[in-house]
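Subject: Structure for you to look at

Dear colleague,

I am handing over the structure we spoke about, and below it you will find a short account of what turned up when I went through it. Please read the text with the structure open beside you.

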Amino acid sequence: MRPADRFYQAAYDGTSKPILHGVGRGLVEAYGSADHEPLPDRLRELAQMLIDREAAQGGAGTRDAAPMKLVLVVEDDPSVRDLAVSLLQDTVLDAVACETGEDAVELLRQRGGDVAMLFTDVRLPGGMDGLRLAETVSKLWPCVRLVVTSGFPDVRTDALPDNVVYLPKPWQAVDVLAQVDHAVRNPPPPVD
């Protein structure tokens, strides 16, 4: 069984509903048993940070404490968008979803200082695809971590700005969580 499969098995109860103990505990449980390889150091730290956040909020399912920053998910496929949001909602970032690049830019205009990471598909409805969205965000909001994904092999990743991370679909949950960790722990310096 692949590590990502173990993650999904630990994080979901088979009905596509997240188990209440959250992503942090799911990571620890998925990798913590003796018959699996240990959780990598960076992901163990991320899991501990998520567990600590859950404890500070009074337990699983409590959303009273305001998260530090947002992760903006831009995806036209509702099932993939819901999966990404479910995965990300239990991290140290609060997940917000948009269907189009234009909606994402509008949200960034309103709350750009709150957005730590943009996670976007390449193919989006409307006039702005994910590549153009990443380029726009790179120029106007350079402190936002940019992660672009696609299930199509014809994506011109050489056209992406240097600061963009590309994750092919189907992406691995662990890889997305590692990008959240990077966005939180190593944000780019503010631009003067």
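The second largest cavity in this predicted model is lined by Val73, Val74, Glu75, Val80, Arg81, Ala84, Phe119, Thr120, Asp121, Thr149 and Trp171. Sorted by class, that lining holds 6 nonpolar, 2 polar and 3 charged residues, and at least two lining residues come from each of β1 (69–74), α4 (78–88) and β3 (115–121). The volume of this cavity is about 40 Å³, and a search of the whole structure finds 2 cavities of 30 Å³ or more.

If its neighbours within four places in sequence are left aside, Leu133 is in contact with Val74, Gly101, Ala104, Val105, Leu118, Thr120, Leu124 and Met128. Is Leu133 buried or exposed? Its relative accessible area is 0%, and because buried means under 20%, Leu133 counts as buried. From Leu133 to Val122 the distance is 8.7 Å, C-alpha to C-alpha, while the two are 11 residues apart in sequence.

As for the chain in general, it has 7 helices and 5 strands, which follow one another from the N terminus as α-α-α-β-α-β-α-β-α-β-β-α. Of its 192 residues, 46% count as buried, and the accessible surface of the chain comes to about 9700 Å², with 52% of that belonging to carbon and sulfur atoms. Among contacts between residues at least 6 apart in sequence, 64% join residues at least 24 apart.

Note on methods: Residues are numbered from 1 along each chain as its sequence is written. This is a predicted model: local features need pLDDT of at least 70, side-chain atom pairs count only at pLDDT 80 or more; totals for chains, interfaces and linings use all residues. Side-chain values use heavy atoms; hydrogens and water are left out. Buried means under 20% relative accessible area, exposed over 50%, partly exposed in between (1.4 Å probe, protein chains only). Contact means heavy atoms within 4.5 Å. On a 1 Å grid over the protein atoms alone, a cavity is a set of points where a 1.4 Å probe fits but cannot get out, and a pocket is an open set with protein on both sides within 12 Å along at least five of seven lines; lining residues have an atom within 4 Å of a point. Grid points are joined across faces, edges and corners, and a volume is the space filled by probe spheres set on the points. Helices (H or I, at least four residues) and strands (E, at least two) are DSSP runs, numbered from the N terminus. Ala, Val, Leu, Ile, Met, Phe, Trp, Tyr, Cys and Pro count as nonpolar, Asp, Glu, Lys and Arg as charged, and the others, Gly among them, as polar. Accessible areas come from the Shrake-Rupley method with a 1.4 Å probe; for residues, only the protein chains shown count as cover.
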